[in-house]
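Let's take a friendly walk through this model together. Have the sequence at hand as we go.

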Amino acid sequence: MRQLLGYILTGIGILFVLATYSGMEFGIDKLWPAFLLIPAIGFHLFYFLKPSPARSGVLVPGGILLVYALLFFFSEIVLDGDMSKTWPIFLLGPAFGLWELYYFGFRKIGLLIPIMLLTAIAFIFLACSFLSTQIGGIFGVVLVAIGGSILSRKKKHDYMF
């Protein structure tokens, strides 16, 4: 517990030093996702300090909060709070939490169905939301190049030795 307090105080001190001397602005408008990240780390620490399948249930809310905190940090820092293209990642939060429960918990095969379903839907919606942007155009060019290289390759039995 003493070590955890030391890490927390060191992290807060680093933020104060960076805010003071680097010219970077660390206002609450950019750092509010930490209020989601702290409990997410707490849930994970609760499990990983004494792992057992019986305690693995805390990984579901921990995984959800972790994904959401990272999404909100990314949104605030990179996209200036605009989440119009990244909203499908909200579906990945429960998928990640359930995957952690599956992986570290009882390994119940039934958990894989909602995990795969939520993940597939999230990636489909992410792809659809990025199709109308430059990223969609770049992704399309990459897919055309990969498809063209696959089609232009000779089959193994066509090569002469």
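**Rings, charges and a buried glutamate**

Arg107 sits over the face of Tyr102, 5.7 Å from the ring centre; for this, CZ of Arg or NZ of Lys must be within 6 Å of the ring centre and within 35 degrees of the ring normal. Arg55 likewise lies over the face of Phe46, at 3.8 Å from the ring centre.

This is a predicted model, where local features need pLDDT of at least 70, side-chain atom pairs count only at pLDDT 80 or more, and totals for chains, interfaces and linings use all residues. Residues are numbered from 1 along each chain as its sequence is written, and side-chain values use heavy atoms, leaving out hydrogens and water.

The protein has 7 helices and 0 strands, taken as DSSP runs (H or I, at least four residues, for helices; E, at least two, for strands) numbered from the N terminus.

Now to the rings: there are 9 aromatic pairs, meaning Phe, Tyr or Trp rings (for Trp, the six-membered one) with centres within 6.5 Å, called stacked with planes under 30 degrees apart, edge-to-face over 60 and tilted for the rest. Phe48 and Phe104 are edge-to-face because their planes stand at 90°, with centres 5.1 Å apart. This pair joins helix α3 (residues 34-48) to helix α5, across 56 residues.

Helix α5 (residues 89-104) also holds Glu100. Is Glu100 buried or exposed? Glu100 is buried (under 20% relative accessible area; exposed is over 50%, partly exposed in between, with a 1.4 Å probe and protein chains only).

Terms used: Lys and Arg count as positive and Asp and Glu as negative; His and the chain ends are not counted. A salt bridge is a side-chain nitrogen of Lys or Arg within 4 Å of a carboxyl oxygen of Asp or Glu.
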